[in-house]
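Please have a look at the structure first.

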Amino acid sequence: MNSNLNAPHFKDEQAAYAYVEAWLWPTGPVCPHCGNCDQGRIRKLAGKSTRPGLRKCNECRKQFTVKVGTIFEDSHAPMTHWLQAIYLMCSSKKGISTRQLQRMLGGSMKTAWFMGHRIRLAMAPAANSGPVGGAGKTVEADATYLSKSPKTRKAPGTAVNAKPAPQVFSLIERGGAIRSMYLDDKNIRGALAVHLHDDSRLVTDGSVSYKFQVANHESVDHSKFEWTRGDVHTNTLEGFFSIFKRGLVGVYQHMDKKHLDRYLSEFDFRMNTRAKLGVNDTQRTGMAIASARGKRLQYKTAH
Ligand SMILES: [Zn+2]
């Protein structure tokens with residue numbers, strides 16, 4: 001049997017570069033300095049002392065690799081390590097902790113932490129993704145508190161000085177994309193207005209937050225023990241929240257509130273490329289690499 005972990009791009013630096021280039025330059029190298037993509041005017045520099053993947057543009061005379069303008073820029077980690085880390089994050093349903101990454105790849109905790117957050121950035125949706133759903137689409141919306149146990153959960157304002165548990169809100173189009181966010185001081189109505197396509201059919205629980213927000217809205221009343229009525233339910237999101245919370249408790253143990261949106265991007269990405277939609281671990285890894293372009297995160301701004 002041939003293990004996925006045996007692939008050459010996990011072991012050989014040249015093969016690793018070729019792998020990343022195939023995802024980021026599907027039609028051949030593009031000069032990041034001048035935009036030249038004439039393959040006859042871009043030269044691969046070879047030789048023992050040359051960095052892997054180094055190209056020279058004959059138009060602007062500048063050198064570049066596939067790392068320029070991506071999450072890999074300015075990283076000293078070998079590309080093989082990057083590919084191992086991306087594969088691990090893409091194939092682990094509940095994520096992988098910084099400590100685990102550091103043990104598996106070697107190097108420092110700082111490197112592993114920063115690598116993890118850069119990969120999460122690649123997994124984040126593009127800024128111009130648009131609202132979830134559309135005409136003829138059914139969208140589930142639901143929110144959940146991230147307290148460790150329902151027993152310790154307190155509604156906001158029930159105790160003096162008690163901090164409300166962080167609340168996560170998600171929208172998912174049935175058979176399509178999910179979008180999750182940390183609500184913080186934002187509210188559900190505001191989030192719906194921004195992230196839900198107006199023409200969608202919305203299905204939710206009986207919370208008042210969803211009332212009169214969308215013309216086409218149906219809900220089930222959990223307080224009356226009604227969980228499902230025909231296709232009106234929020235079971236898809238209940239399943240997602242369950243995986244996210246198991247990752248929170250079992251893998252990440254502590255997610256800093258200010259980084260919660262990054263972790264949500266990671267779990268959203270795996271949900272959006274789930275096996276049920278026909279994507280396997282290797283394809284998911286490639287999709288993460290393909291979205292590494294235009295996303296730079298510098299250590300000083302990563303905290
Ligand atoms: Zn150029």
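What we have here is a predicted model, and I will begin with its largest nonpolar core, which has 37 residues, with Val 20, Phe 72, Met 79 and Trp 82 having the most contacts inside it. The elements that each give two or more residues to this core are helix 1 (13–24), helix 2 (79–91), helix 3 (98–105), helix 4 (109–123) and helix 8 (281–290), and of these it is helix 2 that gives the most, with nine residues.

If we now look at Phe 72, and leave aside residues up to four places away in sequence, this side chain's residue touches Val 20, Leu 24, Lys 67, Met 79, Trp 82, Ile 86, Arg 118 and Ala 292.

Let me turn to the helix pair. How do the axes of helix 6 and helix 7 cross? The axes of helix 6 (residues 235–252) and helix 7 (residues 260–272) come within 11 Å and cross at roughly 125°, and the two helices are therefore oblique to each other, with helix 6 passing helix 7 in a right-handed crossing.

On the helix 6 side, the contact is made by Thr 236, Phe 240, Ile 243, Phe 244, Gly 247 and Tyr 252, and on the helix 7 side by Leu 260, Tyr 263, Leu 264, Glu 266, Phe 267, Asp 268 and Met 271. Sorted by class, this contact comprises nine nonpolar, two polar and two charged residues.

Conventions:
Residues numbered from 1 in each chain as written. Predicted model: local features only at pLDDT ≥ 70, side-chain atom pairs only at ≥ 80, totals over all residues. Heavy atoms only, no water. Core = buried A, V, L, I, M, F, W, Y, C linked by side-chain atoms within 4.5 Å. Buried < 20%, exposed > 50% of the residue type's maximum accessible area, 1.4 Å probe, protein only. Helix = DSSP H or I, 4+ residues; strand = E, 2+ residues; numbered from the N terminus. Contact = heavy atoms within 4.5 Å. Axes fitted to C-alpha atoms, helices over the stretch in contact; angles between N-to-C directions. Parallel < 35°, antiparallel > 145°, perpendicular 65-115°, else oblique. Left-handed = near helix turned anticlockwise from the far one by under 90°. Nonpolar A, V, L, I, M, F, W, Y, C, P; charged D, E, K, R; others polar.
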